[in-house]
Each structure stands twice: as C-alpha cells, then as structure tokens.
Amino acid sequence: MSAPMREVVVVGASLAGLRAAETLRRQGFDGTVTLVGDEAHPPYDRPPLSKGFAGGTVGREQIHLRQSAELSATWLLGRRAVGLDTGRREVRLDGGETLGYDGLVVATGATPRRLPGLPEHLPGLHLLRTVDDALALRDELRPGARVVIVGGGFIGAELASTCRDLGLPVTVVTPLPLMVSALGPLSSAAAKRARRHGVDLIEGIAVTGVDADERVRGVRLADGGVIPADVVVVAVGVVPATDWLAGSGVELENGVVCDETLAVRGVDDVVAAGDVARWPHPALGGGLLRLEHWTNAAEQAAAAAGRLLRGSGPRFAPVPSFWSDQFGVRLQGIGLPGLADEATVVDGDASGEHFVAEYRRGGELIGALCAGTVKPLLPYRRQLVGAFA
C-alpha cells in the first residue's frame, strides 16, 4: 500500500469480527477500528444457542464474548451494511450513511436457509441463528410441546438432544442421513444414538410445507404424510451473507472467494473470515473450502487481520476442528471427516460414549473423530498438519 492504514472497517460483529479487531490492536494497529453488526447485541457465542441456552440452563451472561481491554473500537450495532463501493473505498449502511476505509474485513457470517413455500412469520415456526431466535424458541419449549425439527445437521441434532433433555417428544425429518455432512460414513452411528435417546428420526424424505391455522400445527412430507407439531424448527443449513456485496467487484461463489492468504479476490485491501469466507485449501488440492466451525472463525479472523495489516501473508491451511454436544456425548473432530469415503472405528463403538475413528479419502488420512476424551486425536492432528501443509 502507498500509505499506512488509518481506518479499518469490520463488517460483522460476531466472533470473527471481534477476533479480527482484537488482532489488529494486538499487532500494533493504532488507527480507527469500526465494527458494524446487524444485531443490536454485543458479540456472543452461538454454539450454546441450540444446547444449554435453548434449554434454559445457560444464561445471557454465560454466552457473552469477552472483549480485550485494548480493543478501543467504535461499535455500530443494530446497523446493516447494504453496499460496498471498492473504488471509493466506502461501505454503505442501511440508513444511507457511508463509512470510508483503508482496510476492510468482511465477517458477515451466514443466514439460515429457508424452505421454499414456508411462511416467514407464523407462530410456532422457528429458525435458529441469533440469540433472539433462541429466546423465542425457548419460550415455546414447554412441557408436552410436540417438536418437529426439519434438518439433520449440527443444529438439528443438538436441538433434538436439548428437547429430549427437557422431556419433550421430538421428531427430526431430514432428506439426508443425520449429521452426514460432518460425520460422513459414520452418520449411521449418530442416527442410532439419537433413536436410542428417544428421537423419532425420519431420514430420506423432504418436508414440503406446514399445516397451520393461527399457528403451526404440523409439517407435510413429500410422501403425503403429516406430522403433528406444536413447535417446528427449520434447521436446513445456512447461506453466506453476501447480498450486500452484489455489484461490488468482490468475487462471490457460495461465499466471498479469497486467495490462499484470505485476501478477497478482485479488490484491494479487503480480507474475509468466518462462515462467509471461501478459500483454497491444500486438503482439496487447492479447491475452495468454506467452514462453519467456531474454531475456524476465530483462527481465520486472526490470520485475515494479520494479512490486512502486512499486505501479504502465509497460506492459511489449518487443520479444522469442531465439537458437538448431543445426547450426553461430546463428539470432537479434526480435519474434514465429512469429505471422507471411508471411516474405520479403531476403538470403541461409534454410537456409544467412547470411541475413536479414522477418516480417509482415496486412502489418505483426512480426519479423525472421537468421543470421551480429546487425547486420542493428538497423533492424528500431527499427521494432518503435514498432510495439509
């Protein structure tokens, strides 16, 4: 850059945005940092929303993300970015104002995917992404409520576990095997665990609509069946929040496309991090990868902020890690198990409380998964660090 950066704008005020801003300060940036967030709440942890927070055992203060005392940032919360002019280096906000920048961090995350044809505002019908979503859902998880969860990913499985902890009858309907995008060939073990804990799991069928009068009364299935429900949660994944970048020159393809250092392709002095970022990863032979894990958001934000400050940076090639608490078990994984074509349980029972599993793709190790203790993953992590370099 021809001149030092003096103004950095971070669009997105959740985990990735906060960690990016903190990294800027930690690495010596003394200019202005402005964070823009479309929620009115200060940054908070999202993983508990489908677990203890929805179940009422975790409070607001426990999900609050602590901020570095040295952050010294301007917060624009409850404000939404609606456009980006990369030529003028300006972010346009929903009130018509613009924010000028020397450097920009895109950390707008993702929004819940909606099912076509379902009403957007119907009592008893929920999405789960924000703390307000979780509070609205928590109010309806009352004794005796019949819950139907549409979707079998992390949110669907974790929320089903929460409902069973509350003693509620719960049905999960998913066109794909439960947790297949995360667990790959071992998704059948996740299904076995869920059923053993009382979940009515219906795999391989789609939901086509809902029955309702003044509120939701059930879901309609592609085979003509209807499942009665008092509460319906649609958890069919997310889409990157990139609408505000349309026409900006930023390359968009299932997220914001970055180079291997997290610099956004097609524009200068812009980086991306978190659920919205898609970048080439050596585990895919340089193919583009987008991750929705908590650890990736934190690590990627720090790397992106460093890249923005230096104007260059190393290749971002982490060994991804994730965890999921469900049905009394903490599943912990590293690598990319969901991309494997082969899984081998080397210790224990994959549907039980203690096990270790190896994942391979084309015969090469691509991930590992365990329950009980994380210690068995350490040697696999060392192997994957070398394989992903």
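**Exercises on a predicted model**

K375 is exposed, with a relative accessible area of 63%. The structure is a predicted model.

**Exercise 1.** Determine where K375 lies and how far apart K375 and Q27 are in space.

*Solution.* Step 1: K375 belongs to the loop between β26 (364–371) and α9 (378–388). Step 2: exposed means over 50% relative accessible area, and K375 has 63%, so K375 is classed as exposed. Step 3: the C-alpha atoms of K375 and Q27 are 32 Å apart, while the two residues are 348 residues apart in sequence.

**Exercise 2.** Identify which members of the largest nonpolar core touch the most other members, and list the contacts of V91.

*Solution.* Step 1: the largest nonpolar core has 110 residues, and V91, L104, V106 and V256 touch the most other members. Step 2: leaving aside residues up to four places away in sequence, V91 touches V9, V11, A81, G83, L84, E97, T98, L99, Y101, L104 and W244. Step 3: another core, of 18 residues, lies apart from the largest one and includes V148, V173, I205 and I227.

**Exercise 3.** Classify C163 and C258 as buried or exposed.

*Solution.* Step 1: buried means under 20% relative accessible area. Step 2: C163 has 0%, and is therefore buried. Step 3: C258 also has 0%, and is therefore buried.

**Exercise 4.** Describe the second largest pocket by volume and lining.

*Solution.* Step 1: the second largest pocket holds about 320 Å³ of space. Step 2: its lining has 15 residues, with R114, E120, L125, H126 and L127 nearest its centre. Step 3: α4 (131–140) and β9 (125–126) each supply at least two lining residues, and the largest share, three residues, comes from α4. Step 4: by class, the lining has nine nonpolar, two polar and four charged residues.

Conventions:
Residues are numbered from 1 along each chain as its sequence is written. This is a predicted model: local features need pLDDT of at least 70, side-chain atom pairs count only at pLDDT 80 or more; totals for chains, interfaces and linings use all residues. Side-chain values use heavy atoms; hydrogens and water are left out. A nonpolar core is a set of buried Ala, Val, Leu, Ile, Met, Phe, Trp, Tyr and Cys residues joined through side-chain atoms within 4.5 Å. Buried means under 20% relative accessible area, exposed over 50%, partly exposed in between (1.4 Å probe, protein chains only). Contact means heavy atoms within 4.5 Å. Helices (H or I, at least four residues) and strands (E, at least two) are DSSP runs, numbered from the N terminus. On a 1 Å grid over the protein atoms alone, a cavity is a set of points where a 1.4 Å probe fits but cannot get out, and a pocket is an open set with protein on both sides within 12 Å along at least five of seven lines; lining residues have an atom within 4 Å of a point. Grid points are joined across faces, edges and corners, and a volume is the space filled by probe spheres set on the points. Ala, Val, Leu, Ile, Met, Phe, Trp, Tyr, Cys and Pro count as nonpolar, Asp, Glu, Lys and Arg as charged, and the others, Gly among them, as polar.
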